[in-house]
Amino acid sequence: MGFLNINGVSKSYGSLKVLHGIDIEVEEGEFLVLVGPSGCGKSTLLNLIAGLEDITDGEILIRDRVINGVHPSERNIAMVFQSYALYPNMTVGQNITFGLEMHGVSKKERKIALDEVAKLLRIENLLHRKPKQLSGGQRQRVAMGRALVRNPDVFLFDEPLSNLDAKLRVDMRTEIKKLHQNLGTTIVYVTHDQIEAMTLSSRIAVMNDGYVQQLGTPKEIYDNPQNIFVATFMGSPAMNLIPAIVRALDDGTVAEISLYDGSLEHLPFGRADMNSWDGREILLGLRPEMITDEESADRKSQNIARIKNRIEVTEPAGSDTFISMQAGGKSIVARMKSDIDVKPDQVFPFAINMDKAVIFDPVEGIRIQANISS
Amino acid sequence: MSMNLTTTDQDLKTRLQNWLPKIVLAPSFGLVVFFVYGFIAFTLYLSFTNSRMLPSYEWVGWQNYERLFQIREWDIALNNLVIFAILYISICTVIGLILAVFLDQKIRGEGVLRPIFLYPMALSFIVTGTAWKWFLDPAIGIENTFHLWGWQSFSFDWIKDRDMAIYAIVIAAVWQSSGFVMAMFLAGLRGIDDELLKAAQIDGASNFNLYRRIILPQLRPAFLSAFVILGHLAIKSYDLVIALTGGGPGNATALPATFMYSYSFTRNQMGIGSASAVIMLLTISAIMVPYLYAELNEKKR
Amino acid sequence: MTVAAQENIVRTSQSVRVGIYLALIVFALFYLLPFGIMVINSVKPLIEITEGNMIALPREWTIDPWLSAWSTAQIGVEPTGLRPYFVNSIVMALPAVAISTALGAINGYILTKWQFRGATLIFGLLLFSCFIPFQIVLIPMARVLGVLNIAGTTYGLILVHVVYGLGFSTLFFRNFYAAFPNELVRAAQIDGAGFFRIFWRIMLPSSGPILAVCCIWQFTNIWNDFLFGASFASGSAAPMTVSLNNLVNSSTGVREYNVHFAGAILAAGPTLLVYIIAGRYFVRGLMAGSVKG
Ligand SMILES: Nc1ncnc2c1ncn2[C@@H]1O[C@H](COP(=O)(O)OP(=O)(O)OP(=O)(O)O)[C@@H](O)[C@H]1O
Ligand SMILES: [Mg+2]
């Protein structure tokens, strides 16, 4: 039994069902990130945990106590909102201690708690200011302070960094990670940002249309997406999904794909057992970094396929250069070293790491063969 | 914060919190239901009875409405309302728009002019009426002033003229309300995106075209609001007529509002008075209900 | 309306600008003259008005018309001046403004932050009540005030103004609170604040501007009301507007125009004062009462 249990939770607004039987178990001290496209129900799920909305079906437990119907303030949770939701009429200090005041904590104890949190977040000199007089990053800290001061069982974060500029976001991300490591609290964190999701989380729940599509560690999600949605949603640029046909040949099973000039190329599946799919269409899932030049190819891989394909566009992106080309009748992307010397229209030899390929059923959209190297 | 959870698994605090808003809203709701909608129903009922000095509960069907539309004064009142409403709405709109467009030309002294245009709105119609009544009085007002200045043939006696008195009322009413319309249009003008105007200028639009093709069409909501507000004010107009002409000369400046009052309370024809009030309500509803409905639905999403 | 005149995009030629200024000044005179002339003539002896030019400044200045209007003029049958009626209006307007504003504030809070099924319908009903022709409620209101035994009293008028002011005050606060972030309420709920505490500690302290708007609007409307005053508070309980009308339209004796004007300015005084002090808010109130929030 986990620390925070979400059991078969559904939520409807009138006839509109926005969450469908969500099951998630969060261990104590875990950092769970919810990601998904806009409108998929992330905030709704967070609000259900917080008790800000009523659950239509199912139950939520914290420390084995069912908290359906328990008032938000009695759940021992704290929440940090995207807009920070600082009370505009109160000073920073009053903002942070308002919750303690509401719970009847004495003034002296409030002061002690406030000082402690202020020190932790380095906002001691801001305590007498109004939220209006703070920068975005400072507001963010105050919002965290308000959550921290209550020493809650579970922290809920709803896109807490999305209103910050890029640089500040990276800094705050690191701080949140440090805080989590130091305090070891349980966190449920909603974000749009994949990098936030990958770097912060101990596990990720990818959501779409009110369903959890996949729940797993960042590595599982990235290397082994369970379906096409997760494959294309996580990772940037997205995983290539190359239409291919399975051919069981004498020297092993291969994926047959067409290249720029219409010629057919065979990519061996190696240890992956795809015999039963002989003659059928599949989608071959390959992350851009699995398609590269001979030199950068993964030395540990036991199954490198080599093809020659024409380069259509090159996009230098600092540390890498992305190259697009035609395969399986689609445009796909390869990731190369930044110093690679290539030009559009050049026909270039690529090395494909087939060990890391993930194979999907194009009709059902689900994974039929996992990445065998992981 | 909806309440589709069975109450059994909610704690007391949550349950109370769920009911509190409704309990607190209930008195206001009750007041409005009783004093507005209950009263409307009551008046509607009276309009089908033979009430005279006091309400009576004897049902007479459509008789009051039939009689109402045979009364000459009601006929005059309706005619006046049409004249008054059309002129009041259109003149206020035109003046308001002109003033707003002019004020929007980066005018020095806007801070002084704007309150001058607007202050009449703060006055009671009775005060306005007192001033204008005298202003328009040929014996001592404008006409007299021009006579004293030596223009003996000048004549401006609308307020004493059965055929013209209603126009005199329009003047005073426009004086009072046009500044408000100006404020609405000005707010609309200030809300228009600068970049749009820049783009139109780069496209080579002349000032005239800029206003006609780009700016005025964007003021549509302001036009609509002005129309609705002025329209309902016109139908409700009562104070100004009482202060300015008392409905006279004769009953030349009667409006439905004054008609209703005099039939209900001075002529002891409560049934007919109620019928006229119902007609007024229906007229206003024809303007307001679609407007409010659209506004409420728009706010939802 | 608080938007400052911005860099103007529409460029106009010099001559056009002169024309615009001229037109604006003519309009300004049109708006100023009636009231201005009323002021001038309120400090003239009557003889100068009836025989002289209305635009001329007084040859002989006098404050007698003001004194008369305030304390000795014949209103109806009693020579009391307008003073007792001025007091009536104050006694009526202040509680009515306070109560309708308070109810409007809490209604607006509920209708935006504690939405429940049917809330929009309730708001619609309240909103429509702003626009009904009050003639439709006069007859039953007279009877109900009679039954409650407050017919013809200031209490009766307070009740009437509270009831028919509710729609607008609710509209103001609803529109204001609709733009107030829901997340603040949620944060306060998590912090453990309840329904009233959130209102007192979070919402109200941030409601200064809309409180001003609502109070000014309600005060202006209630002070300036004539129909209800004339219908439900005759005699010594009449409000200022009604007694001013009585003064101006009294058919006995000479028409003392200068006294009428002094009386009219007295009646306009409080709302004009409010308008001068807080005109910005007044405009915003007019807007909020008409255009969408
Ligand atoms: N009060 C409500 N009434 C009706 N539908 C709602 C309500 N709140 C949310 N929804 C709907 O529920 C769905 C999920 O909303 P939610 O806010 O959880 O999305 P989200 O994943 O947080 O999106 P975002 O990333 O944009 O914040 C959306 O389709 C939304 O329109
Ligand atoms: Mg969200």
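In this predicted model, helix H1 of chain A gives the shell around ligand 1 its largest share, 3 residues. Strand S2 (16-26) and helix H1 (42-50) of chain A each supply at least two residues of that shell. The surrounding residues are Tyr13(A), Leu16(A), Val18(A), Gly36(A), Ser38(A), Gly39(A), Cys40(A), Gly41(A), Lys42(A), Ser43(A), Thr44(A) and His192(A). By class, 4 are nonpolar, 7 are polar and 1 is charged.

H1(A) lies across strand S1 (4-13), S2 and S4 of chain A. The helix runs at about 65° to S2(A). These strands belong to an open sheet of 4 strands in chain A, ordered S2-S1-S4-S5. The pairing in this sheet is antiparallel. S2 and strand S5 (65-66) of chain A stand at the edges. Each has a single partner strand, so one side of each is left without a neighbour in the sheet. Strand S4 (residues 57-62) of chain A is joined to S5(A) by 2 bridges, and the two run antiparallel. Ile62(A) has Arg65(A) in S5(A) as its bridge partner.

Chain A holds another open sheet, built from 6 strands in the order S6-S7-S8-S3-S9-S10. Here the pairing is mixed. Strands of a sheet pair through backbone hydrogen bonds, either parallel or antiparallel. The edges are strand S6 (77-80) and strand S10 (211-216) of chain A. Both have a single partner strand, so one side of each is left without a neighbour in the sheet. On average, neighbouring strands of this sheet are turned by 15° against each other, direction ignored. Within the sheet, strand S3 (residues 31-35) and strand S9 (residues 203-208) of chain A run parallel and are joined by 4 bridges. In this pairing, Leu32(A) stands opposite Arg203(A) of S9(A).

Each chain was then examined by domain. Chain A is assigned domain 1 (4-233) and domain 2 (240-369). The C-alpha centres of these two domains of chain A lie 39 Å apart. Contact between them involves 6 residues of domain 1 of chain A and 8 residues of domain 2 of chain A. The side of domain 1 of chain A that touches domain 2 of chain A divides into 3 nonpolar and 3 polar residues, with no charged ones.

Chain B is assigned domain 1 (7-46) and domain 2 (65-300). Their C-alpha centres lie 37 Å apart. The contact takes 4 residues from domain 1 of chain B and 6 residues from domain 2 of chain B. On the domain 1 side in chain B, 3 residues are nonpolar, 1 is polar and none is charged.

Chain C is divided into domain 1 (14-66) and domain 2 (83-288). The centres of the two domains of chain C, taken over C-alpha atoms, are separated by 33 Å. In this chain, 9 residues of domain 1 of chain C are in contact with 8 residues of domain 2 of chain C. Three helices of chain C give two or more residues each to the domain 1 side: helix H1 (14-41), helix H2 (46-51) and helix H3 (64-72). The largest share of that side, 3 residues, comes from H1(C). By class, the domain 1 side in chain C has 6 nonpolar, 2 polar and 1 charged residues.

Chains B and C also meet. The contact joins 78 residues of chain C to 89 residues of chain B. Helix H13 (residues 257-288) of chain C gives the largest share of the chain C side, 13 residues. That side of chain C has 55 nonpolar, 20 polar and 3 charged residues.

Confidence was examined for chain B. The chain averages a pLDDT of 84, and 94% of the residues score at least 70. Among the elements of chain B, helix H3 (residues 72-103) has the highest mean pLDDT, 92. Helix H8 (residues 194-202) of chain B has the lowest, 75. Over residues 1-8 of chain B the pLDDT is below 50. This stretch of chain B has 13 contacts in the model beyond near neighbours in sequence.

Conventions:
Residues numbered from 1 in each chain as written. Chains lettered and ligands numbered in written order. Predicted model: local features only at pLDDT ≥ 70, side-chain atom pairs only at ≥ 80, totals over all residues. Domains from an automatic or database assignment. Contact = placed C-beta atoms within 7 Å. Nonpolar A, V, L, I, M, F, W, Y, C, P; charged D, E, K, R; others polar. Near = placed C-beta within 6 Å. pLDDT = per-residue confidence, 0-100. Pairing = 2+ DSSP bridges. Axes fitted to C-alpha atoms, helices over the stretch in contact; angles between N-to-C directions.
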